[in-house]
Amino acid sequence: MAKKIVVDPITRIEGHLRIEAQVEDGVITDAWSIGTMWRGIEKILVGRDPRDAWYWTQRFCGVCTTVHAMASIRAVEDAVGMTVPLNAELIRNLIMGIQNVQDHVIHFYHLHALDWVDIVSALSADPGATARLAQSVSDWPKSSKTYFKAVQDRVKAFVGTKRLGPFANAYWGHPAYKLPPEANLMGVAHYLEALDWQREVIKVHAILGSKNPHPQTFLAGGISLPVDPDAQNALNADKIAQVRELLVQANAFVEKVYIPYLLAVAPFYLDWAGIGGGVQNYLTFGDFPTAEGQRREDYWLKPGQVRSGAFPDAKPVRAEAIAEYVTHSWYRYAGGDDQGLAPWQGETEPDYTGPKPPYPDKFVSDEDAKYSWVKAPRYEDTPFEVGPLARMVVGYAQGHPEIKAVVDLVLQKLGAPASALFSTLGRTAARGIEALLLSRQNLEWVDLLAENLGRGDTRIQDNARWDPSAWPAEAEGVGFHEAPRGMLSHWIRIKNGEIANYQAVVPSTWNASPRDPKGQRGPYEQALIGTPIADPDQPLEILRTIHSFDPCLACAVHLLDARGREITRVQVL
Amino acid sequence: MAHDPHNPRETALEQYLESRGVDRRSFLKFCTAVTATLALPASFARKVAAAVAADDRPSVIWLHLQECTGDTESFLRASRPTAAEVILDYLSVDYHETIMAAAGHQVEEVRRHTMEQYKGKYIAVVEGGIPTKDGGVYGCIGGHSMVDVVTEVCGNAAATICVGTCSAYGGIQAAAPNPTGAVGVGELLPSIPLVNLPGCPLNAPNLTATIVHFLTFGTLPRTDSLKRPLFAYGKRIHDNCERRAHFDAGQFVERWGDPGHRQGWCLYKMGCKGPATSHNCPQVRWNDGLGWPVGQGHGCVGCSEPGFWDTMGPLYERLPNVPGFGVETTATKVGLGIMAATAAGVAVHGVAKSIQLRAVEKKEGN
C-alpha cells in the first residue's frame, strides 16, 4: 500500500531541507525535494561595489566557506579583464584544495558516517579485534588495543550519563546497519579523530586567508596576502613551511585513515552500489589553474559532461546551455513560469504558494504546483548531477591520469564495474577519491608556489585594473568554480562601476532541484526512487542517499538576481 | 595552583574528569585559558574548573535559522575546549541540526522533550536571522515558522546566546532592502536574558568563554549597550592593532603588494574599518592565533557592528565622514575624533539606522 512520509528537518546537512516520499511495499516510488528557507540576498547586492561581492556572496555558506568568494572574484575578473598573478592563483588553489579535502572528510565522518556506523553497536566491540582490523588495513599509528579501549570507555562513560545529546533518539539497531561491532568502533574512533584533524589542517586558511571560517584575503584580481621571502609580514619561507606541514598532515589522514576505512566498510554495503543512481548525467566546468592566464581546458580538472548511458563518452560543455526553471519553485517569472531563463536574464521574484505555517501535519509537495524555494537549473533542458562524482566520472571518461589510476584501484579492490559509480555508494566513494587526489595535489601546488617565490616574483594583484575608473562603463562576466559540492557559477553585470545584475547557479541547486516543466525530477528526487525503506518511521535509507550528495541548502536558496525588483506578491494559502 | 589531594572537592573533580577521559592537566589548562579570555584574575581558574565539572551538564538547544552555518563551523574550530569536549564532556548539546544523528520527527521530539524537561534551565544558542515578513513563510523547520520556534525556545531558556551577526542583529539578509523582514533575536524578543556575540562568523573562544562565565557566575557577562560582552567587545580593533604604530607614524599601504604591504603597514587607506569596530580579533586572533584579517594584509570590515553591511561599506573605501578623522590630521586629533564618533554610534542606535536609511534612499535614487 502506498504511504507518503515526511522527513523534516533533514539533519547533518547545511541548511533547511524537507524530503517527502511515497513508499510502496517497502520501496520509494516517488520523492520531492523541498527547500524550506529563503534569505533574499538577490535583492540586496544591486548598486554595490563589484569588488565587495565576494564578501557578501561568501555568506551564502559558511560550510562551503571559500567557494562563493572564488566564483565571485572570477566573475569580476572576467568582466573587467583582470589578469591574476601566478602567486595568487596558486595561493587560491591551496585555499580551495584544503577546503575540498577538509570538507570531504567532515562530510564523510561527521555528516554521513552515522548513516552507516552504529555507535551503540561499537560499545560491544572487542578492542583487540578492532586493533587487528585497523592494523590489517592501514599502518596509521592510532590503532592499538589500548587506544580503541580508551575510545570505547569514553563513549561508554558518555552513554552512562543517559544523556545522549546529539546522538539521542536516532536509528541505532536499525536492520540496515550491517557493520560488525569492531568496524563500528573504528568508525567512532575516526569520528573523534577527524574532529581534531579538521581543526588543525584548516589552519592553512588562517595562514593564507587570515581565518576560517570565511577567509578574508580574497581580492578581485588577486589575493591580499603579501608574499616576500625577505619580509616579516608577508608569506615567506617559514610560513610556506608551516602550510606544507599542515598539508602533509591533511594528506596523511586521507591516505591512512579515510580511504582505508572507506575500502574496509564498503564491502558490507555493496548493495548500495545498485541504489541511488538518479539522473546519471554528470557535469563539470573544470578548475585549478597552474599557470598565469591559462585556458580552462588546461586546468588540472577539465570541463566536460557525461550523459546517462553514454559513459565513457565525455563531451565538451557550453556556458550558454544553462537555464533555470521555476515551474515548481516559489518564484514567478515575468514572462511565464514554464520558460527557462539563462542566468543573464534570471529573475528572482518570490511567490510563496505553500501551506501557511504551522503545518507540521501537512504535505508540501504537489505534482501540479510549486513546492520549494530551490529553483531548477537544467543543462540543455536536462537535469544534471554535479559534485565529486560528476568530476570523477567525467575525469575518468576523459582519461585524466591521476583520476583514472585511483578510480581503477578502488573499483578493483571492491571487485565492482565502473557502472557501480552511478549510485549512492559510488557518490560516497568518489568524494573519498577526490579528497585523496586533491590532498596530493596540494603538495604539488605549494611547491610550485615556493619555486615561483624563489624566482623573485612578488606580484599578488592586478593593480592596473583595481580602480573601477580603469573599467569599461558596462561589462559582464562569469566565474566558474568546482566547489566541494559541485560546479558553481556566478554571473555579474557591471554598469558604471556598480553591480547591475548578479546571479549564482549553485551546486546544491542543481542537485536539490524540484521538477521542471517537463516533469523531470531533480537529482535528489530521482536518486531516491527505488530506495528500500525497512521502516517508514525510521527512514535511515533516505538519509543515506540524500547525504551522499552532501546537501548545502543555504547555498541552494541564494540565487542572485540583483535587479532590485520590488517583491510584488506573496500568496499565503 | 597546587593540587591538594585532601580537598574532597578536588578529588571529586578528579574522579569526574577521569570518568570523562579528560586528564587534569589539560582541564586546568583549559580553565586558565578561559579565565584569560574572560580577563579575570588567575585565581578564578579554580572556580571555573568547579563550575564546568558540575555533574549536571547544562542542556543546550542550538537553533539554525537564516544562516550559513559559519558559526557552527567556527565552533568546530574551538580548541579550548575542543568541540568534542564541549559536546561530550561539558554540555549536553541536545538539539543541533548539523550534528544530530536523528532526523525528522525524532529530532522535533527531542527539542520538545528538552524544552519541557529543562524548562527555564537550558541554554539557547541561536545562529541566524529570523524572517518575520508574510507570516514567517521565508523560513520553516518541521512545518513551524522560525518566528514560532525562536519565540518558544528562547522564551523558555535560562539564557540565550546569539552567535554571529545574523542572530545578533539580523545579519546579511537584513541589509537593505531586507526582503524577508529579517531581525535578530533581541529585536524579536526584547525582554529575554540575552547576550550577543556578533562577528561573521563568531570567533569560537568568545563563545566558550561566555558559556563558562555563565556556568561559573550564574549570570551572563557584563555587556555594552548592544548586549556584547565587554571582555570581547570592550575595545576597538584600532586600539589593539599590531599595525597601530604605522598608523600613528603615517605609514600606509597604498597598493596591494607594495613594499608597505609587505612590511605590515597600516591598511586604513585600503578600507580598514578597525577604527570603528569593537572586537578582540587583534588579541585572540583566529584558529589558535595563527591569523586575523589585518595580520594577513586585508582590512577589517567591521563584521561585529550592527548593520555593518549597510553602514561600513564599500569594503575598500576609507571610513567616510568621521568627524575629525583623516590621515592628514595628527594622531591625537584622529584618536579623539573616532572616539567621539564611536561613542555616539553606540549610545544612539538610531544613528546606524539613519545611515542605513540614507543608503537605501541613495540606491533608490539611482
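In which loop of chain A does Pro312(A) lie? Pro312(A) is placed in the loop between β7 (304-306) and β8 (322-325) of chain A, where helices (H or I, at least four residues) and strands (E, at least two) are DSSP runs numbered from the N terminus. The structure is a predicted model, in which local features need pLDDT of at least 70 and side-chain atom pairs count only at pLDDT 80 or more, whereas totals for chains, interfaces and linings use all residues. Residues are numbered from 1 along each chain as its sequence is written, and chains are lettered from A and ligands numbered from 1 in the order in which they are written.

The peptide bond that joins Phe311(A) to Pro312(A) is cis, with an omega of about 5°. In chain B, a cis peptide bond joins Gly313(B) and Pro314(B), with omega about -10°, and Pro314(B) belongs to the loop between α16 (308-311) and α17 (331-347) of chain B.

Positive phi values occur in chain A at residues that are not glycine, including Asn169(A), for which phi is about 60°. Asn169(A) is found in the loop between α6 and α7 of chain A, and Asn169(A) is partly exposed, with 19 other C-beta atoms within 10 Å. Ser210(A), likewise not a glycine, has a positive phi near 85° and is located in the loop between α8 and β4 (218-219) of chain A; with 26 C-beta neighbours inside 10 Å, Ser210(A) counts as buried. By the criterion applied, a residue is buried if 20 or more other C-beta atoms lie within 10 Å of its own, exposed if 12 or fewer, and partly exposed in between, the C-beta atoms being placed from the backbone.

The contact between the chains takes 91 residues from chain A and 83 residues from chain B, two residues being in contact if their C-beta atoms, placed from the backbone, lie within 7 Å. On the side of chain A that touches chain B, the elements that give two or more residues are β1 (2-7), α1 (53-58), α6 (145-160), α7 (181-201) and α8 (203-209). By class, this side of chain A has 45 nonpolar, 25 polar and 21 charged residues, where Ala, Val, Leu, Ile, Met, Phe, Trp, Tyr, Cys and Pro count as nonpolar, Asp, Glu, Lys and Arg as charged, and the others, Gly among them, as polar.

Within chain B, the domain assignment gives domain 1 (56-232) and domain 2 (235-365), with bounds that come from an automatic or database domain assignment. In chain B, 17 residues of domain 1 are in contact with 19 residues of domain 2, and the side of domain 1 that touches domain 2 has 10 nonpolar, 5 polar and 2 charged residues.
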